[in-house]
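Reader: Hi! Could you walk me through this protein in plain words?
Author: Happy to. Here it is.

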Amino acid sequence: MEKLRIAIQKSGRLSEKSLKLLADCGVRVNNGGKLKAEATNFPLEVLFLRDDDISQYVEEGVADVGMLGENTVLEKDKKVEVVRKLGFANCRLSLAVSKEIDYTGTSWFEGKKVATSYPKILGDYFNQKGVNATIEFISGSVEIAPGIGLAEGICDIVSTGSTLLTNGLKEVEQVLTSEAVLIANPNLSDIKKALLESIMFRMNAVQKASENKYILLNAPNKNLKEITAVLPGMKSPTILPLAEDGWSSLHSVVKEDEFWEVIDKLKDLGAEGILVCPIEKMIV
Ligand code: ATP
Ligand code: MG
């Protein structure tokens, strides 16, 4: 039977979360440190690669799909489709200069030398801004370049900015924002397409679940209407009578990012005994 072949990062910032996402989708992979592993309960083969190589393998059809940072997909610029965002490895690609510099805007980079591992993305960015700068490609430890006189600025991945600070640099422009994405070869067979659909259906359920909470509470019957309006749920909340007269139990689903606002409104409407639980999977 045909299997879907997925490429994920062998070791690095994406590895653990990529495997966890597969596990949350119910796909068990036994990786004994090998470069190739088979899922035991889904027609899936996993290739463990350097993230730099994943786009190329997917373009060439050696792998059918891959998980990697959007930043790397854009830099490698291969013929692959980004089929979904994965919601982890959020970061940005930014320009930074020594913190003593009186930075005036992108024109500051005119005629300067900038070190980066992202020459394509940075070249496009400078072109678009009409800036002529020299791009110095280096493959790692980019943040030390200004300190050793290799370049006047850098363009690198930033998440908290602490690495920049330690190296006496400050972030001055955000070139792009990135997160992990799922890419696919554009010419998959129908069987592989169906397998990809099936994995993506599961990914949706996992991602939806992580964005929502299950909420249970006791509410005075006289306020049920208002409380129901605050708690839309997936269709409408489940309402069960409590043994105590004049009270009901409500069950519903709330979005993680609306959660505290909803709780405040519920308390104001007399809700009591509010319980909030994580949801493992959510099929809507
Ligand atoms: P490889 O050995 O596979 O080439 P790498 O050193 O190129 O690995 P990592 O440092 O593991 O790559 O980063 C992989 C991806 O994780 C990056 O391309 C980026 O999308 C994301 N990333 C990098 N740094 C951070 C960070 N500090 N916070 C969040 N995401 C990050
Ligand atoms: Mg890499």
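Author: Let's start with one residue: S55 is buried, with a relative accessible area of 1%. Buried means under 20% relative accessible area, exposed over 50%, and partly exposed in between, using a 1.4 Å probe and protein chains only. Before we go on, this is a predicted model, in which local features need pLDDT of at least 70 and side-chain atom pairs count only at pLDDT 80 or more, while totals for chains, interfaces and linings use all residues. Residues are numbered from 1 along each chain as its sequence is written, chains are lettered from A and ligands numbered from 1 in the order in which they are written, and side-chain values use heavy atoms, with hydrogens and water left out.

Reader: Thanks! Where does S55 lie, and what does S55 touch?
Author: S55 lies in helix α2, residues 51–60. Helices (H or I, at least four residues) and strands (E, at least two) are DSSP runs, numbered from the N terminus. Leaving out residues up to four places away in sequence, S55 touches L68, T72, V73, K76, K78, V80 and I183. Contact here means heavy atoms within 4.5 Å.

Reader: Switching topic: what is the order of the strands in the open sheet?
Author: The open sheet has six strands in the order β2-β3-β1-β4-β11-β5, and the pairing is mixed. Two strands pair if DSSP finds at least two bridges between them. At the edges are β2 (36–38) and β5 (81–85), each pairing on one side only. From one strand to the next the twist averages 25°.

Reader: Which helices pack there?
Author: Helix α1 (residues 15–24) packs on the sheet and touches β1 (4–9), β3 (44–49) and β4, with its direction at about 145° to that of β1. Helix α6 (residues 190–210) lies across β1, β4, β5 and β11 and runs at about 25° to β5. Axes are lines fitted to C-alpha atoms, for helices over the stretch in contact, and angles run from 0 to 180 degrees between N-to-C directions.

Reader: How do β4 and β11 pair?
Author: β4 (residues 65–69) and β11 (residues 180–184) pair in the antiparallel sense over five bridges. L68 stands opposite V181 in β11, and L68 is also one of the residues that S55 touches.

Reader: Back to α6. What is M203 in contact with?
Author: M203 is found in helix α6 and counts as buried because its relative accessibility is 1%. Leaving aside neighbours within four places in sequence, M203 is in contact with L21, C25, M67, R84, L86 and L182. M203 and L86 are 117 residues apart in sequence, yet 8.3 Å apart in space, C-alpha to C-alpha.

Reader: Nice. What about β14, which strands does it join?
Author: Strand β12 (residues 212–220) runs antiparallel to β14, with nine bridges between them. Strand β13 (residues 238–241) is also antiparallel to β14, through four bridges. I215 stands opposite S252 in β14, and T238 stands opposite H251. β13 and β14 form a hairpin with five residues between them, and G246 in the turn has a positive phi of about 85°.

Reader: How many of β14's residues are buried?
Author: Seven of the nine residues in β14 (residues 247–255) are buried, which leaves the strand mostly covered.

Reader: Which residue other than glycine has a positive phi near 55°?
Author: That is D77, in the loop between α3 (70–76) and β5. D77 counts as exposed because its relative accessibility is 51%.

Reader: Last one: how many helices and strands are there in the protein chain?
Author: The protein chain has eight helices and 15 strands. Buried residues make up 46% of its 284 residues, and its C-alpha trace spans about 75 × 55 × 35 Å along the principal axes.
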